[in-house]
Amino acid sequence: MTIGVSHGSGSNILAADSPSDEALVGTINGVVRIVRGAAGWTETERTLEGKHIHALVQDPKSGVWFCGVEFGGIYASEDDGHTWEKRDVGVTEQDIYSLSVAEVNGATRLFAGTEPAHLYVSDDLGLTWTEKPALHAQETEEWRFPAPPHIAHLKHISFHPDDTGVIYASIEQGGLYRSDDGGDSFTEIPGMYNDVHRLVSNPADPNRMFVTGGMGLWLSRDYGATWDNVFGRGSEYGGYPDQLVYKPSDPSYMLITAGQESPGAWRQNRTAETRISRSRDAGETWEVLSASGLTDKFVPSVEAMTLEEAGDVVQVFAATSNGEVLWSEDGGESWQEAVAGLPPVSKGGHYHAFA
């Protein structure tokens, strides 16, 4: 099995029968395939070179891969990522930030988020797309990204664990929005800072929801009615979390990555001072990982993270803005550098801070 590691993927928490030994990594210079052999992980192939990859997702039914490109539209692969063809008829905004896939009424539906923040869906494996205009209709003056050209984007698309008709749209910056009708209408979920990176629901208790963003980690225990800022700027866990995953068999076991400050400070300090932290109690408390092989407050930001649980093996891939893939096969207890020297893995221009 091949898994995907990319910044804007909505499919980064996986359960499998056996551990995957191949991964597709979305970088600023194409899709890089890494393969595990007797000597460890090695790079074996690059495709879509010259294109900045924001998102990689696979439809589990057909096996088709989809790739979202910065200012480049959407591509599909029917041969496990070895070759790609463009599939984005109907997508009028070509700066793709996020991709997700869900089963809706027994069939595959693809979702794409863009900058400016629009939502598109496809019911024919990407051959044609239509916009769900209700999301962009929610735009206000608060939908504004700090860096030029100051345009908000749909950074992440997620779903209620028990009902894929309930969609969560994370707008950076602009807030969190929910649709209860498959995207035909949206309402804002207030209560957290409006720099929203992603929403993750606990499948064992969907009332428990987490938002990572520009002012830390937010937790709701009542389906979004109220929110607590679990940690924020100045905390030991970091103030700018993005990637958040859990074990499918035990969602109370969670991993989060965060830089100490925002990307503006990264550029000034030439370091993100990144930490990876763990919770064993569904996000109520956290501990900084000081695991074997993991440097404390390391320089690059973790821009993508995928967790795959296969029996007793819990693989975690953490890809950085310096082009490394950190890897753990024991749920974060120990780490090693799987590969290095790849093009940076980066949302937009984050990687410039460390060049």
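**Exercise 1.** Determine how many residues in the lining of the largest pocket are nonpolar, how many polar and how many charged.

*Solution.* The lining divides into 19 nonpolar, 13 polar and 4 charged residues (Gly counts as polar; Asp, Glu, Lys and Arg as charged). This is a predicted model, in which local features need pLDDT of at least 70 and side-chain atom pairs pLDDT 80 or more, while totals for linings use all residues. Residues are numbered from 1 along each chain, and side-chain values use heavy atoms, without hydrogens or water.

**Exercise 2.** Locate the centre of the largest pocket and identify the element that gives the most to its lining.

*Solution.* Step 1: a pocket is an open set of points on a 1 Å grid where a 1.4 Å probe fits, with protein on both sides within 12 Å along at least five of seven lines; lining residues have an atom within 4 Å of a point. Step 2: the volume is about 940 Å³. Step 3: of 36 lining residues, Gly10, Ser11, Asn12, Ile13 and Val101 are closest to the centre. Step 4: strand S14 gives the most, with 5 residues (strands are DSSP runs of E, at least two residues; helices, of H or I, at least four).

**Exercise 3.** Describe the second largest pocket.

*Solution.* Step 1: this pocket holds about 490 Å³. Step 2: Phe145, Ala147, Arg267, Lys347 and His350 lie nearest its centre, among 26 lining residues. Step 3: helix H1 (263-269) supplies the largest share of the lining, 3 residues. Step 4: the classes are 10 nonpolar, 8 polar and 8 charged.

Conventions: Grid points are joined across faces, edges and corners, and a volume is the space filled by probe spheres set on the points.
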